[in-house]
Amino acid sequence: MPEGIYCNKTPITTEEALKALLSDTRGKKYYEEMEQLEVDREKLWATVQKTFKSRMRTWLDVCARCGLCADSCFLYLVNDRDPEQVPSYKIHSTLGEIVKRKGDVDNAFMRHAMEVAWSRCTCCNRCAMYCPHGIDIGIMMGYLRGLLYSQGFVPWELKIGAGMHRVYRAQMDVTTEDWVETCEWMAEEQQDDWPGLEIPVDKEDADIMYTCNAREPKHYPEDLAEAAILFHIAGENWTVPSEGWEQTSLSMFAGDWEACKLQVQNVYAAIERLRPKRVIGTECGHAHRATVIEGPYWAGRPDGQPPAPYIHYVQWVAEALRTGKLKIDPTKRIKQPVTYQDSCNYIRNWGLAETAREILSYLVEPGYLREMTPNKEHNYCCGGGGGFNGIGKFRPQRNKALLTKRDQILSTGAKLVIAPCHNCWDAIRDLEEEYEIGIDWSFLKPLLIKMVIVPEHLKPKDEE
């Protein structure tokens with residue numbers, strides 16, 4: 001095995017390196033080597049001087065440590081209001097100390113900062129809504145993650161995830177061949193029930209280019225089939241790219257900014273190559289943030305916009321329902337207590353709260369929607385965002401973090417949680433497994449397919 005493959009400061013860029021890292025399935029050797037890692041103090045301080053720009057410097061300077069951000073943080077609340085979980089304390093005791101000491105910190109400090117950055121903050125940005133100065137500690141915590149990554153202090157699973165993006169341009173080992181074969185397989189499997197259904201690959205000048213989360217072709221290919229069915233029913237002229245289809249970015253969670261840039265450039269290259277009128281992303285919050293909110297800046301686009309209009313899946317669903325492209329059978333509307341999980345990244349950071357409620361007005365029988373308290377842009381993080389879901393080292397902290405969402409859901413009395421976001425869906429699934437509160441959870445696609453009115457010409461013909 002190559003020397004230092006686990007915890008060196010060089011990003012994982014080859015399949016050999018990924019396999020070596022994955023060979024220790026628990027990350028034991030990785031963390032053992034991390035304990036011996038020397039901090040390159042000169043490089044750390046040089047990076048801070050070059051990249052710690054005026055906005056974050058101002059935020060750090062003007063923070064009065066008044067504590068008004070404390071109650072905004074679900075991790076502070078769920079950890080018995082521990083003062084060390086106050087957002088302002090978390091950032092001043094880590095990033096603030098790096099700046100104050102001009103990078104003169106040691107291994108123990110960096111490992112502590114890693115724990116804070118990945119197990120005490122999900123970068124949900126809720127604290128920024130309640131700070132009188134508008135300080136966004138989630139943004140600063142993301143910057144801290146980048147500094148830690150550059151020095152080799154990053155959780156094992158996220159080191160792998162960032163490496164996957166560099167090697168495969170996807171958060172999982174899904175090759176171009178794997179992806180295209182999955183598209184063909186899913187289309188063929190649906191032909192009996194949906195005659196004429198296709199998943200067009202690399203169709204130029206389509207109205208829609210669809211991008212998704214690599215977990216879908218890898219583990220949930222039915223999600224891709226459901227998207228195809230709904231586009232089929234709606235009569236959309238759509239396509240997926242053979243390359244540039246992966247919208248998510250574990251690199252963003254890891255703080256590997258160069259890999260973030262490579263990932264989003266791959267998606268943008270597909271847009272420029274196929275020239276769709278617009279792009280629709282799947283039911284994933286951080287995917288939208290990575291490609292639409294943060295992506296233009298990583299890619300260096302001067303207008304701050306993707307190459308074509310790029311919308312989240314809930315925007316397309318609301319539009320399709322509003323315009324009649326999708327029509328709901330009123331007899332099939334949800335008639336049980338249901339609540340909606342507002343994702344941090346497309347609700348709080350993209351303003352789609354009312355768009356989501358518009359969809360619910362079609363899907364849920366009046367009187368059955370039970371809103372969480374708080375809700376919309378004030379809702380708490382699911383408990384698994386920012387990479388928290390997948391980090392084994394911090395699983396006890398993550399499971400405790402799920403308590404906030406558990407109590408919110410229980411207070412509604414809902415039996416079904418609609419969660420159009422992969423991280424939220426995963427967190428609520430794990431919440432049910434951990435605490436057994438007796439709920440179901442769902443993306444939008446399967447609910448829509450159960451309720452949508454299928455035009456006669458799209459139904460299979462009876463065999464003679």
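Student: Leaving aside its neighbours within four places in sequence, which residues is Lys 405 in contact with?

Tutor: Contact here means heavy atoms within 4.5 Å. By that rule, Lys 405 touches Gln 341, Met 372, Asn 379, Tyr 380, Cys 381, Cys 382 and Leu 431. Before we go on: this is a predicted model, where local features need pLDDT of at least 70 and side-chain atom pairs count only at pLDDT 80 or more, while totals for chains, interfaces and linings use all residues. Residues are numbered from 1 along each chain as its sequence is written, and side-chain values use heavy atoms, with hydrogens and water left out.

Student: Where does Lys 405 lie, and is Lys 405 buried or exposed?

Tutor: Helices (H or I, at least four residues) and strands (E, at least two) are DSSP runs, numbered from the N terminus. Lys 405 belongs to helix α20, residues 395-412. Buried means under 20% relative accessible area and exposed over 50%, with partly exposed in between (1.4 Å probe, protein chains only). Lys 405 is buried.

Student: What does the side chain of Lys 405 pair with?

Tutor: Side chains of opposite charge can pair when their charged atoms come close. Lys and Arg count as positive, Asp and Glu as negative; His and the chain ends are not counted. A salt bridge needs a side-chain nitrogen of Lys or Arg within 4 Å of a carboxyl oxygen of Asp or Glu. Lys 405 has none: the nearest side chain of opposite charge, Asp 342, is 7.2 Å away. Instead, a polar contact of 3.1 Å links the side chains of Lys 405 and Asn 379. (That's a pair of N or O atoms within 3.5 Å; within protein, one must be able to donate a hydrogen and the other to accept it, and residues adjacent in sequence count only if both atoms are side-chain atoms.)

Student: How many salt bridges does a search of the whole structure find?

Tutor: It finds 30. Take Arg 41 and Asp 104, at 3.0 Å from N to O. Arg 41 sits in helix α3 and Asp 104 in the loop between α6 and α7, so the pair ties together parts 63 residues apart in sequence.

Another joins Glu 236 and Lys 325, with the closest N and O atoms 3.2 Å apart. Glu 236 is in the loop between α12 and β2, and Lys 325 in the loop between α17 and β5, so parts 89 residues apart in sequence are tied together. Glu 236 is buried at 12%, whereas Lys 325 is partly exposed at 34%.

Student: Which helices hold Glu 358 and Arg 322?

Tutor: Their side chains meet in a salt bridge of 2.7 Å, N to O. Glu 358 is in helix α19 and Arg 322 in helix α17, so this pair ties together parts 36 residues apart in sequence. Salt bridges can also share partners: Arg 215, Arg 398, Asp 426, Arg 429 and Asp 430 form one network that way.

Student: What covers the buried residues of α19?

Tutor: The buried residues include Ala 353, Ile 359 and Leu 363. Among the elements covering them are α17, β5, α18, β6 and α22.

Student: How do I read a strand?

Tutor: In a regular strand the side chains alternate between the two faces of the sheet. In β1, Ile 208 and Tyr 210 lie on one side and Met 209 and Thr 211 on the other, and all are buried. Two strands pair if DSSP finds at least two bridges between them. β1 runs parallel to β2, with two bridges, and pairs with β3 in the parallel sense over four. Met 209 has Thr 239 of β2 as its bridge partner, while Ile 208 has Arg 278 of β3.
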